[in-house]
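The following exercises are intended for a reader meeting this structure for the first time. Each task is followed by a solution in steps.

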Amino acid sequence: MSVNFEHFLYGGDYNPDQWLEYPDILKEDIRLMKQAHINTVSLGIFAWAKLEPAEGVYDFDWMEEIIDRLYENGISVNLATPSGARPHWMADQYPEVLRVNEMRQRTLFGERHNHCYTSPVYREKVRRMNQKLAARFDSHPGVILWHVSNEYMGECHCPLCQQAFRDWVKEKYHTIDEVNRCWNTSFWSHDYQNFDQIESPSSIGESSIQGLYLDWRRFVSYQTTDFCRAEIAALREAGAVKPVTTNMLYKSPWVNYFELADAVDIVSWDSYPFWHKGPESQTAVNAGMRHDVMRSMKREPFLMMESCPGAMSWVPISKLKRPGMLEASSLQAIAHGSDSVLYFQIRKGRGGYEKLHGAVIDHYGKEDDRTYQECRQIGADLEAIGQIHHSKVEASVAVIYDWENRWALEASAGPRNEGMYYREAVEKSYGAFRRQGVNVDVIDMTKSLEPYRVVAAPMAYMFRTGFEEKIRAFVERGGVFIMSYWSGVVDENDLCFLGGTPGGLMDVMGLRSTEIDALYEGESNTLHAVDSDAAYRCEHLCQLVDLRTAVPLFVYGEDFYAGTPALTVNCYGKGQAYYVCADAEQRLYDDVYAQILREAGVRRILEQEIPDGVAVSSRRDADTEYIFVQNFNPAPVTFCPEVPDGEVIFGETGARMKPFSTVILERKTTDE
Amino acid sequence: MSVNFEHFLYGGDYNPDQWLEYPDILKEDIRLMKQAHINTVSLGIFAWAKLEPAEGVYDFDWMEEIIDRLYENGISVNLATPSGARPHWMADQYPEVLRVNEMRQRTLFGERHNHCYTSPVYREKVRRMNQKLAARFDSHPGVILWHVSNEYMGECHCPLCQQAFRDWVKEKYHTIDEVNRCWNTSFWSHDYQNFDQIESPSSIGESSIQGLYLDWRRFVSYQTTDFCRAEIAALREAGAVKPVTTNMLYKSPWVNYFELADAVDIVSWDSYPFWHKGPESQTAVNAGMRHDVMRSMKREPFLMMESCPGAMSWVPISKLKRPGMLEASSLQAIAHGSDSVLYFQIRKGRGGYEKLHGAVIDHYGKEDDRTYQECRQIGADLEAIGQIHHSKVEASVAVIYDWENRWALEASAGPRNEGMYYREAVEKSYGAFRRQGVNVDVIDMTKSLEPYRVVAAPMAYMFRTGFEEKIRAFVERGGVFIMSYWSGVVDENDLCFLGGTPGGLMDVMGLRSTEIDALYEGESNTLHAVDSDAAYRCEHLCQLVDLRTAVPLFVYGEDFYAGTPALTVNCYGKGQAYYVCADAEQRLYDDVYAQILREAGVRRILEQEIPDGVAVSSRRDADTEYIFVQNFNPAPVTFCPEVPDGEVIFGETGARMKPFSTVILERKTTDE
Amino acid sequence: MSVNFEHFLYGGDYNPDQWLEYPDILKEDIRLMKQAHINTVSLGIFAWAKLEPAEGVYDFDWMEEIIDRLYENGISVNLATPSGARPHWMADQYPEVLRVNEMRQRTLFGERHNHCYTSPVYREKVRRMNQKLAARFDSHPGVILWHVSNEYMGECHCPLCQQAFRDWVKEKYHTIDEVNRCWNTSFWSHDYQNFDQIESPSSIGESSIQGLYLDWRRFVSYQTTDFCRAEIAALREAGAVKPVTTNMLYKSPWVNYFELADAVDIVSWDSYPFWHKGPESQTAVNAGMRHDVMRSMKREPFLMMESCPGAMSWVPISKLKRPGMLEASSLQAIAHGSDSVLYFQIRKGRGGYEKLHGAVIDHYGKEDDRTYQECRQIGADLEAIGQIHHSKVEASVAVIYDWENRWALEASAGPRNEGMYYREAVEKSYGAFRRQGVNVDVIDMTKSLEPYRVVAAPMAYMFRTGFEEKIRAFVERGGVFIMSYWSGVVDENDLCFLGGTPGGLMDVMGLRSTEIDALYEGESNTLHAVDSDAAYRCEHLCQLVDLRTAVPLFVYGEDFYAGTPALTVNCYGKGQAYYVCADAEQRLYDDVYAQILREAGVRRILEQEIPDGVAVSSRRDADTEYIFVQNFNPAPVTFCPEVPDGEVIFGETGARMKPFSTVILERKTTDE
């Protein structure tokens, strides 16, 4: 299923339930939204207390009135199920819906997503609510999408969850002996005698069994996804036919989003880059990668469900967005495959935790406001480039970023308990590809490698079952594979491979990893090219290797392992396998990956050399390629993108690109 | 009521209850106290276990004997009610007196102020104790003041407090709908259905409703004050006629001291500046401001109830006071309106948490001790300047520092969750005034502005009800008002003003605040004078404004808002309203406020230019002005204070002032 | 009893219970151990779940088989009692065995040493297990030592422990009045009315009574030692005759190891220096001191029970050991009196918390592994120098490092709550002696001073009962005593001495300490020699003193106490007493202590000047002195050790010593 909304969705979260007693404001909202080209709002996300003010007493009329009015004014609705925060009466009546934290304390009512995903009561209350909403609103022409819950997060350690976890463990391992084997519980005599002894990890209990931790993470992700599936099932049972999504976060430790993505019709997520903090160009690369993670889950267009039109309020420092930044950030989402630009939120709330979070309409409430004016312009932009919607991003290069690997790395003690920098390692590989101006998929270890010429797997510490075989086959048939230090150390149960690492791939990589040296913050080593003067710095971790068939391209420059291999390549089957031994600086990745892409014959989107801070990406439909060129530098840059037979459909080309400016070119591909 | 003790009180906390088995020491104490000119001690502060060793068994004889002996030796007594720490048996017998923390755990016996201010049992036990103490000792000629409890602090989350809080909320808002409206609970669907659902904020419960947080702070302050009032009522019911005080802290988040001050006859507080940490002159300004806060509560002389004669023991680093520092610090209290110099404590305890805290009499116990010798000298000083006691400080300049505003700023998320620096902002304005050698009141938003020519309100984020009107009237009738960035954002319920900020004062200030930019630590911007070359740095926060009738005096020098106004003035009615847009460096405040004072015609105490680190202040009685000049620099400074017709009554004048030296001049004011 | 194993023990922890299903690996282990000269393993440390898989069901056969096989291959066994971690079924069946934390929460099953040492059930279960193990294995010729439990640690606050603590307090003080007096509970009215009110310190209860804290620490140490004694008694009751040890940690706050040492036949400990973190030579000094602490407990050879052959996994940064480092570190243990080099562990575990901790045999499992090769070499080394085993270290110099003093310093508030640096102060004195090439004992305040010419007692804040008398006698009869700042402040109950400090030793030291100044981090002062140009820096703490009979050798250079004494000496009886007033830099200690040793006529092991980073120490038996010279510098050093009539028995001498190299010389002492 490929969801197509026929145009870009533009708008954001709208919470009229906070303004029901201000009719003039509700009216003014419509006027201001229309003027800003807003065509879509997300409605009802935290409205449960208004939809069911007392148990079994439903009040949907106010919502229908608002949906009607929006629809009359050309504004569609992503209709939320309100399970992101339950009403107070439910916690009073059914304490089991409240979470228990890892210290085994039942929490009080408060915050959001403070409810047990296992609780039969909560599941039943949500089921009924969703069915009623579906019955009442799915057929409304203004409703175009179901926005299930909101940013599923957190975990619960209540007795119901403990039992569900035990059942899940039993289902997975069948016998307690197998649990003991896979979790290596004989360490410290932690052997289980029966399944009833299994408890979730706790700072006042078990925290040394890494297999338990890993399976707890898997269970929490499973249970959250299962809850989401139950929400969707309720909608469908009540006859809903509109597509379904749920908005994801990015850094969430609770949900493996590659798993959750399978439950929905279209992936959506909430994008909050910290612009104006570090170097703008690096922020842009990282923000782009996040979009690409979301896009790669289904290899389909996705939705940017939330983003901030002004300054975020929950960050340490609420930085204003410089003029043009919002436009650049919004169009970057489109460039990476989003079919929407949606904000949190349309109108700034009067009180509570996010009352100061940037919004399209400020407390001030009038249109002579910088943010509103910028939003209005972006609305016009999206109409101007409407033909791009639903086109796809095609990539022949992929980077592997795996949620389970991340969990396993976090759980493990050593070699750097002060920080392994997994995400940063992935970002370096991703950035090096992107700087060559190619589209990049970001996938996990379960995905097929069929579509790709070049695949990088940084710090693939845990080989999920089947991963070795997949890599072997990929290289054998001619793929170029890049792996880095601290890979292939453990199997899916976090048990160390015996007989040498990277486990099962020593022949493919042509080497054995022998030892890994951890460096203190501030320490570094160097990598020197074997056949040139090139040299680069590295930090954090230095893997030592024994070469078998691989040849060294770089060697270490310092310490007792000076002169030993630091970056190698091995020919295997029809392909090549590279091994990067140390956490090298970005420059090394940039230079080495450029060479690799050249040798692998991967086509760059533009043939020109791309200046620092300029991002190039593309989308395609049946007969057209849309090329996005964005200057993320806060200063002008000398660059004029050139595409043979290309036509500029957005922005201006000239000798220089302005700060935060975007150019979009269109090129017919019929004769390719 | 203006409490007059007829002379300066000199002495401090005295705990003979810790030394009852050392009769020689008790005797030696008297000798050493007399020799040091000590005339007052605070007695019985933590003596409950000795006064009521078992429930209902009272033993006051030892105390009477000590009061008698002190009185015979010319030493008066501030007699404490012992509620600052209850005896162990009470916690055993009545667990309800123990506090419950915000995690909802009943705490064990221990520490001090670990008792519920709501508990009927505790209130009853305190009532009985206070009545008995009053009946026995109020008429004793040696008792001159009731020292109610000690440093009220902390909060309790027990069921009794929860119910009291609910009652308080109900009393304030009447209906649950009004609560929901004022707390904007529809955010995240947190609407209350009834008052029974209301719970104090908790890290395992509600922490996102800022209105709830604010009202909880108000309730805790109210309940503490109510407890204090009940203590006083018990004394009065038993016939006590002596004046009453309770010693305050300064940074306390628990009690709005402007509220507590109304409950007592004379304000007293515990002053512990961190001398020899930062620049001495800045420490002196901050220490002075704290005295002025306390003095401004009643605009009457106050008592410095505690201070440390040596090194504090509970600080990170126990720095010795340099020779002269104690005298300077003690006389500073007098200069700012204190009628006492009192220490914690007379004799250093042998064991326990504060056994190493500086005291008049060391464990060593003999008089050839530096601290003792300095204390003795200060005792002599105070006798020498006895005529100053009960004179008043008069100020025509005020700075607003508001407890509720501080709570609201702390509760709010954004724009700088890493630090808003409210207190520091107030200190900058206060310091700029003080460096011009004028007395300064430090008041909250509830106080009258009648007495003042110039009023500064830094970061007045929350406009407490009626504040706008007060400011408007003040400026209209000719006052000079200075407000700074991030002012007038929310009303008393922490609800954002709609229609533009500063709420209700846009015409008075002649501008609208549009956006506020937060800067990372280390980032800065500049302010450039419109009509000169003057330039200053600013950091943390930069407010952007749209001018209406105001004119810019400074503009920003950097970032996308370079050239826009950074400091403005507006003429309104007969007065002027200044707006400082950014957290500017102290130098800017110094220069701009000097100009403002000149133009407002505020009289400086000395006409001379005052060197850095020299503090000038004054007290007055019917016909005399007492002028204090103190050199807080650790080095001599070239300065000789000159007062027409003035006479030096303390210290020496010459070409230079010694480090930490004080000069006091007296000037008759009969012909003014 | 002096335990003699007839050769150096070489090997380490071995956990075949984690590998029972890998018979090939168990077989390969034997081969690899033998090849590496391993002659001893510690067995069964965490094997309870395998030894008693269900309550009362014992399975010792697998263990016997392994002991047999090891014995057949020449490998002896330190047999553990498994009380370091109890099985899961025991926690299920008897919740009382689970600890309660200081927040009064019963913890869940997990981790290790998470059991109550008071619990009668746990004691009984351990007794039975130990008796059965003793009955079955003590007579096995392969078993040479009982390894009781493992790294006793932690504390429990359960009701059983509270009662045991109350009983212990009652036994010590007899009356509650005496408790109140000794703990000075009248401070803050914390007087106890009866023993039942006594509760262990808690962050939600009592934390201000320092006497309580100190006695709680003593109780925990007592109770842990008592538990250990009970374990040993069970072995003996079942007829065990083999010697007993328990492996200690070093920084443990829970157990006073000088107390625990009395319970065992031979001291053993786990040594984990952080090589390659700070300057190598300083790490070596500190590592050496730790060995000397352990050796000094019994003044007998000890065992290094654990050490890490590779990189530790539980440290912030898992640094690889540079080539040669493991050998240097291992031989350092021998040099300081160890009769063993034992590792944790022989084979790296597959999963769990320490799966990445360095081991003799890696997951890789083959012998072409750097760590394995180094271990094999060290095994050969130890065989080559076998004659040294059981020889003793003799020292005429001692430094006092006292566990109870450390507890008292930590508990006290002031003068530097940010850090008193007691351990570092001891290390400075220790290092200064060691740099002169003399052996040093490190003892606590209970030990006899008879054996020594020179004794240093840095920061002897608390004088344990009898300590003053011991020092006085020591100096009187001609000893050289060095004490430093912040000494003699409190008695054994943490009550401050009245009448002047150092309490009871003012005449011996010839001075009175008057005040102590604490310095902020980054601040410093200087010490200037009275009779030369020598000058040194000091930081943290500066004691001020009034001299009586002492004479100043150094005076302060800065601050208001410039010119006052900073280092003094007093002649008393036939000896001298030095007082170091400030936390001076290492250089001062080095220079002053060199002079003191010279004047005291203490013989240096080598007569040569010893270069920085080279360590010299010696062991002796009836007729031979073994001299160890180790270069701990990561670079070669120009040095050739020369011993008249000495013979090199290990390593090479020449113009230079290689990095991390060791030379051992043998010298006959028959004619001394």
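Copies of a chain are superposed by least squares on the C-alpha atoms of residues with pLDDT of at least 70 in both. The model is a predicted one.

**Exercise 1.** Determine which rotation and which shift superpose chain A on chain B, and name the relation.

*Solution.* Step one: in general, two copies of a chain are related by a rotation about an axis and a shift along it. Step two: for chain A and chain B the rotation is 120° and the shift along its axis is 0.0 Å, with an RMSD of 0.1 Å. Step three: this is therefore the relation of a three-fold axis. Step four: within chain A, the C-alpha nearest that axis belongs to Gln105(A), at 6.1 Å.

**Exercise 2.** Decide whether the radius of gyration of chain A agrees with that of a compact globule.

*Solution.* Step one: chain A has 672 residues, and for that number a compact globule would have a radius of gyration near 26 Å. Step two: the value for chain A is 26 Å, so the two agree. Step three: along the principal axes, the C-alpha atoms of chain A fill a box of roughly 75 × 75 × 45 Å. Step four: the secondary structure of chain A comprises 17 helices and 26 strands.

**Exercise 3.** Describe the contact between chain A and chain B by its residues and its buried area.

*Solution.* Step one: chain A contributes 53 residues, and chain B contributes 53 residues. Step two: about 4600 Å² is buried between the two chains, and carbon and sulfur atoms give 53% of this area. Step three: on the side of chain A, the residues that lose the most area to chain B are Glu111(A), Ile317(A) and Arg350(A), together 16% of what that side buries.

**Exercise 4.** State how many salt bridges and how many residue pairs in polar contact join chain A and chain B.

*Solution.* Step one: side chains of opposite charge can pair when their charged atoms come close. Step two: seven salt bridges are counted between chain A and chain B. One of these joins Glu523(B) to Lys319(A), with the closest N and O atoms 2.4 Å apart. Step four: the side of chain A that touches chain B includes at least two residues from each of α2 (48-51), α4 (88-93) and α12 (370-384). Step five: the residues of that side comprise 22 nonpolar, 13 polar and 18 charged.

Note on methods. Residues are numbered from 1 along each chain as its sequence is written. Chains are lettered from A and ligands numbered from 1 in the order in which they are written. This is a predicted model: local features need pLDDT of at least 70, side-chain atom pairs count only at pLDDT 80 or more; totals for chains, interfaces and linings use all residues. Side-chain values use heavy atoms; hydrogens and water are left out. Contact means heavy atoms within 4.5 Å. Buried area is the accessible area (1.4 Å probe) that two parts lose on being put together, summed over both. A salt bridge is a side-chain nitrogen of Lys or Arg within 4 Å of a carboxyl oxygen of Asp or Glu. A polar contact is a pair of N or O atoms within 3.5 Å; within protein, one must be able to donate a hydrogen and the other to accept it, and residues adjacent in sequence count only if both atoms are side-chain atoms. Helices (H or I, at least four residues) and strands (E, at least two) are DSSP runs, numbered from the N terminus. Ala, Val, Leu, Ile, Met, Phe, Trp, Tyr, Cys and Pro count as nonpolar, Asp, Glu, Lys and Arg as charged, and the others, Gly among them, as polar. The radius of gyration is taken over C-alpha atoms; the globule rule is 2.2 Å times the number of residues to the power 0.38.
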